[in-house]
Amino acid sequence: MEDDLITCLTRQVKEEVLENYLTQRRLIEIETEDVEARAEDVRALAHEVGKRFTRLGYLMMDAEMLARLIELLHIPETSFWRECLEKPFARGVRFIKVSALTHKGKFRKLVLESYNRLLTWMGKYKDAFSDLELEVRALNINIQNFQSNFDLLTILNFLKSLDVCGLEHKHFLGSNFTAEEIMSVEKKLYIHPMKVDRFALPPPLDLPPPVLIQNELGRLAEDVFRKHHNQIKRLLR
């Protein structure tokens, strides 16, 4: 009678340990899926910001003026944002409507407003990127706590040490594991911490505020207009 009670209790303990382990592991998996979905949202937002770069780059009209813009905004040479600046404009965003007395003044306003809207979108992206970093950090803390609370080697050794018959060992553990097999299971089920780098998202840029570059950007727009005034007049119609 006493042996039956011990067997029953050890079975219950064993099942509770495994059930708790699997439940907590599934919660980590769900949280990981949520972070991955958020990363895809941030990636989509990066492409929206990129369209604003493309629009501004298009207004420069030629490579020389674009190079001046790149220098003014300190855009890294090898970056997603640099690639967006140099892309052909495909009207992925609305063309901005502005008003002024002259075509030159109108074009200057267009360039400045394009930059202001780029800044707004970059601010949204920067916030989203920062939120993703916080979510990844929280996930890694939960993973670390999970690994500490549910070490798989400990669970396997605990189950093998239970005073139950060999048939039950075989049922729950498959059979007596060798040390190599236990390490293999541990390696396969180990949850690695997540890094934001794995998503290959472009880092946000700290673009200069309008107050610092408004005059230079305005002069650049005027130089573009003088060089390409006929093309720009058709553009502004």
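Colleague: Leaving aside its neighbours within four places in sequence, with which residues is Tyr125 in contact?

Modeller: Contact means heavy atoms within 4.5 Å. By that criterion Tyr125 touches Val42, Leu45, Ala46, Val49, Trp81, Leu201, Pro202, Pro203 and Pro204, its neighbours within four places in sequence being left aside. This is a predicted model, in which local features need pLDDT of at least 70 and side-chain atom pairs count only at pLDDT 80 or more, while totals for chains, interfaces and linings use all residues. Residues are numbered from 1 along each chain as its sequence is written, and side-chain values use heavy atoms, with hydrogens and water left out.

Colleague: What is the mean pLDDT of the protein chain?

Modeller: pLDDT is the predictor's confidence in each residue, from 0 to 100. The chain has a mean of 84, and 76% of its residues reach 70 or more. Over residues 163–173 the value stays under 50.

Colleague: Which aromatic pair do Trp81 and Tyr125 form, stacked or edge-to-face?

Modeller: Rings of Phe, Tyr and Trp (its six-membered ring) pair if their centres lie within 6.5 Å; planes under 30 degrees apart count as stacked, over 60 as edge-to-face and the rest as tilted. The structure holds 6 aromatic pairs. Trp81 and Tyr125 form an edge-to-face pair, at 5.5 Å centre to centre and with 80° between the planes. Because Trp81 belongs to helix α3 and Tyr125 to helix α4, the pair ties together parts 44 residues apart in sequence. Helices here are DSSP runs (H or I, at least four residues), numbered from the N terminus.

Colleague: Is Tyr125 buried or exposed?

Modeller: Buried means under 20% relative accessible area, exposed over 50%, and partly exposed in between (1.4 Å probe, protein chains only). Tyr125 is buried at 0% relative accessibility, and Trp81 is buried at 1%.

Colleague: Which residues have the most contacts inside the largest nonpolar core?

Modeller: A nonpolar core is a set of buried Ala, Val, Leu, Ile, Met, Phe, Trp, Tyr and Cys residues joined through side-chain atoms within 4.5 Å. The largest one has 56 residues, and Phe53, Phe107 and Tyr125 have the most contacts inside it. Helix α4 gives the most to this core, with 14 residues.

Colleague: Which residues of helix α2 are buried?

Modeller: In α2 (residues 63–73) they are Met65, Leu66, Leu69, Ile70, Leu72 and Leu73. Seen down the helix axis, these buried residues fall within an arc of 165° (taken from the directions from the axis to the C-beta atoms), so they line one face of α2. The face turned away carries the exposed residues Ala63 and Glu71.

Terms used:
Helices (H or I, at least four residues) and strands (E, at least two) are DSSP runs, numbered from the N terminus.
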